Amino acid sequence: MSMSDEVGGRVRQMRRKAEELKQAADRVSDPEESRRLKEKARRLQEQSEQESTMGSGDIYPME
């Protein structure tokens, strides 16, 4: 498996987990828990974008 395949797989997995967290946030009745899950999903999405950019060989982060 190439490095780009490995990074791509990890990025897809992180994005899938972020989507699951967003869906879970929509299902919970506690507003604080919903906020916490959405924040966790947002951070995971940002991390996946950073890894995707780094995996593509772009050394400059998106602004």
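Is Leu-37 buried or exposed, and at what relative accessibility? Leu-37 comes out buried, at 9% relative accessibility, where buried means under 20% relative accessible area, exposed means over 50%, and partly exposed is in between (1.4 Å probe, protein chains only). The model is a predicted one, so to speak of local features takes pLDDT of at least 70 and side-chain atom pairs count only at pLDDT 80 or more, while totals for chains, interfaces and linings use all residues. Residues are numbered from 1 along each chain as its sequence is written, and side-chain values use heavy atoms, with hydrogens and water left out.

Overall, the protein chain has 2 helices and 0 strands, taken as DSSP runs numbered from the N terminus (H or I, at least four residues, for helices; E, at least two, for strands). Of its 63 residues, 22% count as buried. The accessible surface is about 5000 Å², with 50% of that belonging to carbon and sulfur atoms; the areas come from the Shrake-Rupley method with a 1.4 Å probe, and for residues only the protein chains shown count as cover. Looking at contacts (heavy atoms within 4.5 Å), 53% of those between residues at least 6 apart in sequence join residues at least 24 apart.

Back to Leu-37, which sits in helix 2. Once neighbours within four places in sequence are set aside, Leu-37 touches Leu-21, Ala-24, Ala-25 and Val-28. For Leu-21, 16 residues away along the chain, the C-alpha separation from Leu-37 is 5.8 Å.

Glu-51 also belongs to helix 2 (residues 31-55), and with 16% relative accessibility it counts as buried. Its contacts, again leaving out neighbours within four places, are Val-7, Arg-10, Val-11 and Met-14. With Arg-10, Glu-51 makes a salt bridge at 2.6 Å, N to O, the term covering a side-chain nitrogen of Lys or Arg within 4 Å of a carboxyl oxygen of Asp or Glu. That pair ties together distant parts of the chain, with Arg-10 in helix 1 (residues 3-27) and Glu-51 in helix 2, 41 residues apart. Arg-10 itself is partly exposed, at 33%.

The structure holds 6 salt bridges. Arg-35 and Glu-32 pair up at 2.5 Å, N to O; being 3 residues apart in helix 2, they are separated by about one helical turn. Arg-35 is partly exposed at 47%, and so is Glu-32 at 46%. Glu-46 and Arg-42 form another, with closest N and O atoms 2.4 Å apart, and these two lie 4 residues apart in helix 2, about one turn. Through shared partners, salt bridges join Glu-39, Arg-42, Arg-43 and Glu-46 into one network.
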